[in-house]
Amino acid sequence: METITGAELVAQALIDKKIKHIFSLSGGHITPIYQHLEGSDVKIYDTRHEQSAVFMAEAWGKMTRRAGVAMVTAGPGFTNALTGVASAHFSNTPLVLIAGCVGLDNKEKLDLQDMPQEAVIKPMVKKALVCMKAERVIEYVDMAFRIAESGRPGPVYLEFPIDVLNAPVDKAAVRRTNTCVSSHPSDPAKAKDLMEMIQAAEKPLVIAGTGAWQSHAEAELKTFIEATGIPLFTSLSGRGVLSDTHPLCFEGALAIRPGGGFAAYIETDLVIILGTRISLYYMFGDVFNPAAKIVQVDIVPEEIGRNRSVDLAIASDIKGFLTHCNALIEKDNASSVLTEKFSPWIDTLNTAHEQGKSFAQNDWVSDNIPIHPMRLAREINEFMDREDDVVVADGGDTTTWLGMTRTLKVPGTYLDYGIFGSLAVGLPYTNAAKLLYPDSRVILMTGDGSVGFNFMEFETAIRKNRPIVVVISNDLGWGMIRHSQEIRIGHAIEGGTFIGKVDYHKMVEAIGGKGYFVEDPKDIRPALEDAFASGKVCCINVMTDPTTVSPASMALANVGAYKA
C-alpha cells in the first residue's frame, strides 16, 4: 500500500487550485502543511500577526474576485484571525481560512492551545468545515473554495486537527475532486418589469455596489447606463466599475461625498440598487425620497428589503440580469427615447454636482497649518493619477476624508474597510496590493491611531522588498472618537482619545525604511515624489489639524442616541 499524509494532501489540493500565495504566521499545528508547501508553486507570505494575514487575504479576494487564503495555527493564532474573518463576512469577500487545531485524541485534555474553534467562528462564515479523516482532505479543500466563491462570496473556515494532518492513508482511498463554479443566475421576466418602471420614471438613478464588481458586470453596466442615460453612483468594491470621469457617473454613492449625491437622493423617483445593501451608508433607506420606487437586485433573496420596502425585488446575479435588460433595450430600440427623456435630469445633477464640489473646495486647497486633512487627501488623489495606481484608506476620519476625495477610474484599485469599519486594515491591504501589482504604485493614507495596530507590517514590506508608501494623517489621537465625544458630551475624554506627537517616520527609518516629516501643505507633493522615486518602503508623517470634524464624526456622535 502506497501512503500519503493528510498534510501532503492539503498541499496537493492547494497546488491543484493554483493558489499563488497563502498569507500566514507559522505555528506548530500547521507546520506539516508548511513542510509540504516548501519549494512548491504556492508561496507563503509570512506576516507579523495573524490578523494581518487574514486582512491580506481579504484584500487579495477583493482585488482578484477569487478566494484569498490565510493559514493560522491553533488557539491564539485562530482567535487573532477573527477580526479579519468578520471583515470579509461584511464585505462579501471570498476567503478561505485554514487553521490547525489540537489532535482529536487530545480534545478536552487541556492540551496546548485547545479551544472549540468551530463553534466560535461559525456565525462569521458561510460554512465552517472540520475535516476528521485524512482520506477526505482534498474533498474538504475543494468544498471550501466552491462555497467561498459561489453565490454571494464570503469567508469559509477549514479546520484540520494535527493528527489528521499527520495521519498516513492509502493513496487509493483518496477521492480527488476539483470543481470551479461560475454561475450568473438571472430572472428575464423581472428585467421586463424593471424596463417598464424605468419608462414610467422621470428621475431614476442607479447605485452599483460590490455585487456588480464580484459578478464581473463592468461591461454590461456601462452598456446599460449609456443605453438608458440613467445617472450612476458606485459603492464599496463597486467603486470604479464605471469611471468617475464618465459623464453619467456621479462618483461615490455616499451622501456625504461632495457632489450631487444628496440632491439626487431627495429628488429621485426610482432607485435601482445593484448588488449593495440598504445600510447605514444610506441612513437605512431614509436618505431616499420617501415617494421613490425602490428596485433591489441581489444574488441573496433574503437581503432584499432590509430596512426599507422594495417595490421590485429581483434575486439575481448583476451581470446576468443586466444582460437581459440590455437585450430588451436593443430589441425595443428604446435607447434614444430614454436618453433624451432623462437628459434634463442629468443636467440637474450636473449642476448639483458642481455646487456640491464647490462647498469642499476651500478645504481641498487650504494652505492652513496644521494641514487640513482634505488638502492631504487631495494631494494624494492628484498625485496618484495613473490608471494602475492603487490607493488604500485606513482610519476613522482619515478614511472619510479620502473617501470624499478619491477619483476612481479603474475598479479594484481602491481599498478601505467598508461597512464593518475595522481599523488596522491599511498596512495589510497595502502589502497585499503591492504583492498582486508589483509594478504599480501603491499608497496608504492612514490615521495615526490605526497605523499602530499592525505597525510591524512595515517590517514585512521591507523584508519582502515591497516598496509601499504610507502617509499618516497625524492629528495626535483618535480623531473620530474625540470629535464625536465633543459633539455628544461637550468634551473629549483625554484618556481614550489623545495619543500625542509620535515620530512614526523615525520608527520606520529605524527598521530600514525611509521617513519624511511634513508640517506645511506645500511639502506634501515633494515628499510623495521623493518617496516613490526612492524605491524604498516609506512613511510620510503629516501633521494634520486636530480640530477638523468629519461628517463621519458627526454621525458617530448620534450612534445609539435616544430619539425624543
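The following legends describe close-up views of a predicted model.

Local features are reported at pLDDT of at least 70 and side-chain atom pairs at pLDDT 80 or more, whereas totals for chains, interfaces and linings use all residues of the predicted model. Residues are numbered from 1 along each chain as its sequence is written, and side-chain values use heavy atoms, with hydrogens and water left out.

View 1. Helices (H or I, at least four residues) and strands (E, at least two residues) are DSSP runs numbered from the N terminus, and two strands pair if DSSP finds at least two bridges between them. Strand 15 (residues 390–393) runs parallel to strand 17 (residues 442–447), and 4 bridges join the two. Within this pair, V391 has I443 of strand 17 as its bridge partner.

View 2. Contact means heavy atoms within 4.5 Å.

**View 3. The packing of helix 1 on helix 7.** Two packed helices are described by the angle between their axes and the distance between the axes. For helix 1 (residues 6–16) and helix 7, the angle is about 40° and the axes are 8 Å apart. The crossing is right-handed; a crossing is so named if the near helix is turned clockwise from the far one by less than a right angle, and left-handed if anticlockwise. G6, L9, V10, A13 and L14 of helix 1 meet V137, I138, V141 and F145 of helix 7. By class, this contact comprises 8 nonpolar, 1 polar and no charged residues, where Ala, Val, Leu, Ile, Met, Phe, Trp, Tyr, Cys and Pro count as nonpolar, Asp, Glu, Lys and Arg as charged, and the others, Gly among them, as polar. The buried residues of helix 1 include G6, A7, L9, V10, A11, A13 and L14; buried means under 20% relative accessible area, exposed over 50%, and partly exposed in between (1.4 Å probe, protein chains only). Just after helix 1, K18 takes a positive phi of about 60°.

**View 4. Strand 4 and its parallel partners.** Strand 4 (residues 68–72) is mostly covered, 5 of its 5 residues being buried. In a regular strand the side chains alternate between the two faces of the sheet. G68, A70 and V72 point one way from strand 4, and V69 and M71 point the other way. Strand 2 (residues 21–24) runs parallel to strand 4 and is joined to it by 2 bridges, with A70 the bridge partner of F23. Strand 5 (residues 95–101) pairs with strand 4 in the parallel sense over 5 bridges, and here V72 is partnered by A99.

**View 5. Selected salt bridges.** The whole structure holds 31 salt bridges, a salt bridge being a side-chain nitrogen of Lys or Arg within 4 Å of a carboxyl oxygen of Asp or Glu. R146 and D142 meet in one of these (3.4 Å, N to O). Being 4 residues apart in helix 7 (residues 137–149), R146 and D142 are separated by about one helical turn. R146 is partly exposed at 30% relative accessibility, whereas D142 is buried at 2%. E251 and R257 form a salt bridge whose closest N and O atoms are 3.0 Å apart, and both residues are buried. D520 meets K522 in a salt bridge (2.9 Å, N to O); K522 is exposed, with a relative accessible area of 56%. Salt bridges that share partners also join D46, R48, E459, R463 and K464 into one network.

**View 6. The surroundings of F455.** F455 lies in the loop between strand 17 and helix 19 (457–463) and is buried, with a relative accessible area of 11%. Apart from neighbours within four places in sequence, F455 is in contact with L427, Y504, M507 and V508. The C-alpha atoms of F455 and P428 are separated by 9.5 Å, the two residues being 27 residues apart along the chain.

Technical notes
Axes fitted to C-alpha atoms, helices over the stretch in contact; angles between N-to-C directions.
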